[in-house]
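Let us take a friendly walk through a protein model together. Keep the sequence and the 3D view open while you read.

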Amino acid sequence: MTSAKSARRPHHWRRDLIELAALFTAVAVADAIANLIGHQPDGPYLLVASAVALVATAAFHTWWARRHSHAPPSGEGGSAPGGAEAAAHEAPDGAAGRGGGSGAGGIAGAEETALWRMRTTVRDAPGSLAALCVALAGLRVDILTLGTHPLARGTVDEFLLRAPASLQAQEISREIAAAGGASTWIERADAHDLVDIPTRVLSLATRTALDAAELPLALRQLLGRCTIHSLPALSVTGRPTGESAPVEGVLEETVMRLRDPSGGVISVERPYLPFTPTEFARARALVELDARLGPRVPRGEDVLTLPEGNEITVRRADLGDLAAARAMHDRCSQRTLGLRYHGPVADADRYLDHLLSPRFGRTLAVQTASGKLVALGHLLWDGDETEVALLVEDDWQRRGIGSELLGRLVALAVEAGCESVYAVTQSHNTGMVAAMRALELPLDYQIEEGTLVITARLTADRPTADRPLTTEGSARPSAPTEGARR
């Protein structure tokens with residue numbers, strides 16, 4: 001620290017030369033005065049008095065010089081011992097201590113900043129990362145986190161950056177390219193990205209362990225903006241689809257295929273950014289965790305009282321409710337089944353294996369005090385979109401059950417980080433239209449050949465309902481299989 005400060009202190013040689021000349025002059029004058037006064041009667045006393053005056057003057061000069069050396073530097077080019085460079089050495093979490101991610105003392109605290117996620121490929125050679133850090137420092141960009149993904153040739157470096165708000169992505173990409181970065185990808189980040197990668201992976205693993213429906217969502221959050229499809233081994237008609245993958249999975253640049261523990265394949269696509277072997281290994285570890293734990297769904301439930309006094313229980317449903325769901329189908333009228341499935345009513349039972357599987361979404365069931373299943377509500381991952389669907393047994397319609405289920409499904413969608421949900425129904429299904437309007441959300445309507453698609457946009461500031469049936473955390477929606485829009 002001392003050597004660093006000394007190196008910053010300018011050496012004023014002109015001042016030293018003047019002081020040396022003044023010293024020689026003072027010695028010559030003192031010798032002349034001593035020869036002149038020393039031969040007089042009071043000469044010794046005058047010499048002593050002169051010596052005392054000289055000592056006093058020297059002491060005053062020393063005090064004044066020390067006081068002046070502690071004064072703050074003048075001008076913009078000065079640097080005090082406690083300035084930006086000292087802070088760069090002493091701050092434990094400073095960007096400069098992480099490899100030069102902060103230029104000129106970092107971004108001023110009062111300046112507006114923005115977060116960016118950036119990924120670039122560099123040569124696997126000493127100094128490659130340092131060159132990137134120097135380039136970012138020149139733009140006054142702080143490096144908040146840094147992760148590396150080794151490749152067969154080169155290394156992919158992933159950064160979370162805090163930059164001045166006025167700095168554009170093109171400027172950052174241009175400087176990174178000049179510093180040796182290739183295939184650079186950059187996009188805006190938010191506060192959720194400040195969580196370090198090991199913490200994020202552990203959180204996603206915990207959520208996956210608690211609920212099998214979380215696996216597609218966990219993969220989406222782990223890998224960023226991507227499209228996830230769960231491709232079943234059998235179609236809804238029971239025919240083999242031919243979808244399969246080896247146990248170790250397959251990685252093909254922008255596509256990875258993983259064997260689904262429940263059968264079939266989980267396909268993940270990210271056309272704008274190739275997957276790295278590190279990301280593939282993390283995704284495969286989550287799938288292996290799901291396979292070891294087997295089918296599981298949270299067993300929380302809510303008991304509600306209808307206006308007429310009957311009690312119902314709302315809970316999560318899975319494939320264990322398949323027999324009860326088929327029995328409810330048998331009690332439903334042809335009109336009710338037709339409004340729900342928009343196809344041949346005889347095929348309705350075939351959809352239940354897909355709808356009740358936690359791999360393709362989340363299902364809520366309503367049962368009476370006697371244990372009879374009377375309603376189902378589905379939240380289905382449809383690629384980058386999310387569908388909601390309801391089926392209420394005829395004798396239990398128009399009692400508020402559909403609206404209750406729809407409100408809970410929307411709360412689950414908000415918790416999952418969905419931007420919107422859509423419902424597919426018939427244009428004359430006034431009950432579903434009324435239930436969607438009761439959400440008090442912005443709605444878009446699209447009618448094609450009698451089929452009505454209602455899309456509700458979920459606002460970011462909408463509070464998530466505090467319901468025991470939901471799980472903690474947030475993620476992005478993922479994928480269903482064929483037959484989601486039914």
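Leucine 167 is found in the loop between strand 3 and helix 6 (169-178). Helices (H or I, at least four residues) and strands (E, at least two) are DSSP runs, numbered from the N terminus. With a relative accessible area of 8%, leucine 167 is buried; the word buried stands for under 20% relative accessible area, exposed for over 50%, and partly exposed for what lies in between (1.4 Å probe, protein chains only). This is a predicted model, in which local features need pLDDT of at least 70 and side-chain atom pairs count only at pLDDT 80 or more, while totals for chains, interfaces and linings use all residues. Residues are numbered from 1 along each chain as its sequence is written, and side-chain values use heavy atoms, with hydrogens and water left out.

**Pairs across the chain**

| Residue pair | Separation along the chain | C-alpha distance |
|---|---|---|
| Glutamate 387 and tyrosine 422 | 35 residues | 4.9 Å |
| Alanine 245 and glycine 264 | 19 residues | 7.8 Å |
| Proline 295 and arginine 359 | 64 residues | 9.7 Å |

Alanine 245 belongs to the loop between strand 5 (227-231) and strand 6 (250-252), and its relative accessibility of 6% makes it buried. Proline 295 is in the loop between helix 9 and strand 9 (301-305); at 83% relative accessibility, proline 295 counts as exposed.

**Rings and charges**

A pair of aromatic rings is described by the distance of the centres and the angle of the planes. Rings of Phe, Tyr and Trp (its six-membered ring) pair if their centres lie within 6.5 Å; planes under 30 degrees apart count as stacked, over 60 as edge-to-face and the rest as tilted. How many aromatic pairs does a search of the whole structure find? The search finds 1. The pair is made by tryptophan 185 and tyrosine 272, whose ring centres are 5.7 Å apart and whose planes are at 40°, so the pair is tilted. Tryptophan 185 lies in strand 4 (residues 182-188) and tyrosine 272 in the loop between strand 8 (265-269) and helix 9 (277-293), so the pair ties together parts that are 87 residues apart in sequence. Tryptophan 185 is buried at 11% relative accessible area, whereas tyrosine 272 is partly exposed at 30%.

Tyrosine 272 also has a charge over its ring: the charged end of arginine 225 sits there, 4.4 Å from the ring centre. A charge sits over a ring if NZ of Lys or CZ of Arg is within 6 Å of the ring centre and within 35 degrees of the ring normal. Arginine 399 likewise lies over the face of tryptophan 396, at 4.4 Å from the ring centre.

**The largest nonpolar core**

A nonpolar core is a set of buried Ala, Val, Leu, Ile, Met, Phe, Trp, Tyr and Cys residues joined through side-chain atoms within 4.5 Å. The largest one has 37 residues, and those with the most contacts inside it are Val366, Leu379, Ile401, Leu405, Val421, Met436 and Leu458. Several elements each supply at least two residues of this core, among them strand 11 (361-368), strand 12 (373-382) and helix 14 (430-437). Which element gives the largest share of this core? Helix 13 does, with 8 residues.

Most residues other than glycine have a negative phi, and most peptide bonds are trans. Serine 183 has a positive phi of about 50° although it is not a glycine. Serine 183 lies in strand 4 and counts as exposed, at 62% relative accessibility. Glutamate 440 also has a positive phi, near 60°. Its place is in the loop between helix 14 and strand 15 (443-448), and at 72% relative accessibility glutamate 440 counts as exposed.
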